[in-house]
Amino acid sequence: MSDPGKRFSVKLDTRRGRVDMSHGSGGRAMAQLIEQLFVKHLDNPLLRQANDQAAFNVPAGRMVMSTDGHVISPLFFPGGDIGSLAVHGTINDVAMSGAQPLYLAAAFILEEGFLLADLERVVVSMAAAATAAGVPVVTGDTKVVEKGKGDGIFITTTGVGQVPDGVTISGDRARPGDAILVSGSMGDHGVAIMSSRENLEFETRIESDSAALHGLVAAMVGAVPGIHCLRDPTRGGLATTLNELACQSGIGMRLQETAIPIKPAVSDACELLGLDPLYVANEGKLIGICPGADAERLLAVMRAHPLGRQAAIIGEVVEDPDGFVQMETAFGGSRIVDWLAGEQLPRIC
Amino acid sequence: MKYVDEFRQRDLARTLATGIAQAADTGREYRLMEFCGGHTHAIFRYGVQDLMPDNVTFVHGPGCPVCVLPIGRIDNAIALVKASDVILCTYGDMLRVPASGRNSLLKVKAAGGDVRMVYSTLDALNIARDNPGHQVVFFAIGFETTTPPTAVAIRQAQAERLENFSVFCNHVLTPAAIQAILSSREGDAAAEVAIDGFLGPSHVSSVIGSQPYEGLVARFQRPVVIAGFEPLDVMQATLMLIRQLNEGRCEVENEYTRVVTREGNPKAQALVAEVFERRPEFEWRGLGLLPDSALRIRPAYADFDTERRFAVPTIQASDIKGCECPSILRGVKRPTDCKLFGTVCTPENPMGSCMVSSEGACAAYWSYGRFRQTAGKAPTESAA
């Protein structure tokens, strides 16, 4: 074969071109798409080997693995896009075990007719997010579905990471007396997404909080290796994630509403839409549960990190055979903070 | 948020709670029906009951728009989607309300039916404009609050000659419901004492004013205090009701003066009167057939009336066996009195309409307040 850089007579048209079925057929068009778009931007030594898998040495100790499908609409939103989200989402799922994420894999399902310009924008964003996080995308896959059978682009990312010795973080380890912390304001991502949806379109300066949290986690684990639980409150928001943890650990929780950080613009948007910010998604925040005695130290470490400046202790773990997450309201009463039922729908009145 | 946070202040709540505790006569009970789902929601979400003395209790009323809609009307809407290939637009809460045969609009949507959630009637008009080849039906529900926007949409559709748009009208009237609740207790000594007074509708009253309740108060000798939907509104109105009851007064009072006047909103009333007329009778879930209790579209706007455009039969569908929604909507039973509550009927799998919306008494009990049921037997102390 001649010079591999000249394998394709015409350059991929990433200005006006669109994804067509040949981009998923396994033929020359697919090879060109991979080479001139995916490898070009996500470039790293393992990906460049162009195998169907990436081979790397395994460190000693415990490893974790996680996968996450991304199907967001709209694809581009204030503060991020599906590309950066696909990188952050999986890095965070790996990091919530206390692990240092090492590598990512990415599978793209593209809809026939999707603009190559948009695809390139997404991949460039992924590459920037992966580079900033120091976690390369080392292998991938591309499929094309017929028009009408997808929503532009779906991205599934898988990540592997290594857990430091002596760290055992799991959703079933919360114990009565533990403190519950969050790393910052709740609901930013969900409100940013809703504000950019076609049928809502309200003006807000809120941006998605989409961010890779493994740096924050490393600082937290370094200071308090005995952290019991970590989880990022994505879909279903803080309320649903706390209920998951309460259920897994067989405990109850007592929250203070006034301690939960929520930006005024987020609570205002939720007020107008009839939504509860505790159920609105986050993509760059985490919940930490640690022994009560370690809480202040953990809080100080979180606040010293750029992604944890607004961190707060929001409540405590209590014994409760019913597993209720209860909250003292800002108003002075108490109520349950329940699982999200179905989809969060706006109220009528 | 300005004009909202002011009505959720903790310190004022404590002051009002003290005032209520001092005013409430320990020798008697105060059973107050909050008419609207908006009140129910506020009471549970903010934990207002915790700030009340034991002898002041809230009885949850029927003012939840999705709760009072009879199953047959939802069956009608589902039939329209399935048989007539229409695009059905409705407010979010309607999607999950159980219809006959364990169906719901959400399930119909999942099965390929074109059901769309809208935030406003204007969104439904936009969908009609964007889909000239399809019939677009707006599933209109709600009390007097949501009626004027529906009237605006119908007038706009006529002005634009938007021939593929129509409204399936299910708008109902509040005073008729209050009358029905009080009438059903007449002659029944046990039931008659069950409600001492009403926290009157807030948003509804901004449209109709406080005047329509005056006749009801005089006839049934139960005080009404119109109350806003913020928790301090609910507490202030509660105090006003307690004072009326202590003093033996029976009046319509208005706590929600920042929005409600005696006359209401004449422009909205005129708009509604132009587009709608009263139905001779309409079925309410829980309350049965009530005369003069609902609206239909006037003949002048018949072109935009779904019930004239399509065959919409009267469907007599019965509630799921064991479901106590009808009694709960009348304030006769509490959600916890229902055998289905929390067993087979939960917000994830609602059997009755009261479990769907957070304005419904059952969903509010379940989602915000079920720890109260077990507080007595749980080993941990109850919430502060």
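These legends accompany close-up views of a predicted model.

**View 1. The two domains of chain A in the predicted model.** The domain assignment divides chain A into domain 1, which covers residues 8–163, and domain 2, which covers residues 179–336. When the centres of these two domains of chain A are taken over C-alpha atoms, 28 Å separate them.

**View 2. Where domain 1 of chain A touches domain 2 of chain A.** Here 19 residues of domain 1 of chain A are in contact with 22 residues of domain 2 of chain A. On the domain 1 side, at least two residues each are supplied by helix 3 (82–95), strand 4 (100–111) and helix 4 (116–133) of chain A. Helix 3 of chain A gives the most to this side, with eight residues. Sorted by class, the side of domain 1 of chain A that touches domain 2 has 11 nonpolar and eight polar residues, while no charged residues are found there.

**View 3. Where chain B touches chain A.** In this view, 45 residues of chain B are in contact with 30 residues of chain A. The elements of chain B that give two or more residues to its side of the contact are helix 1 (10–23), helix 2 (37–45), helix 15 (361–369) and helix 16 (371–374). Helix 2 of chain B gives the most, with four residues.

**View 4. The residue classes on the side of chain B that touches chain A.**

How values were computed: Residues numbered from 1 in each chain as written. Chains lettered and ligands numbered in written order. Predicted model: local features only at pLDDT ≥ 70, side-chain atom pairs only at ≥ 80, totals over all residues. Domains from an automatic or database assignment. Contact = placed C-beta atoms within 7 Å. Nonpolar A, V, L, I, M, F, W, Y, C, P; charged D, E, K, R; others polar.
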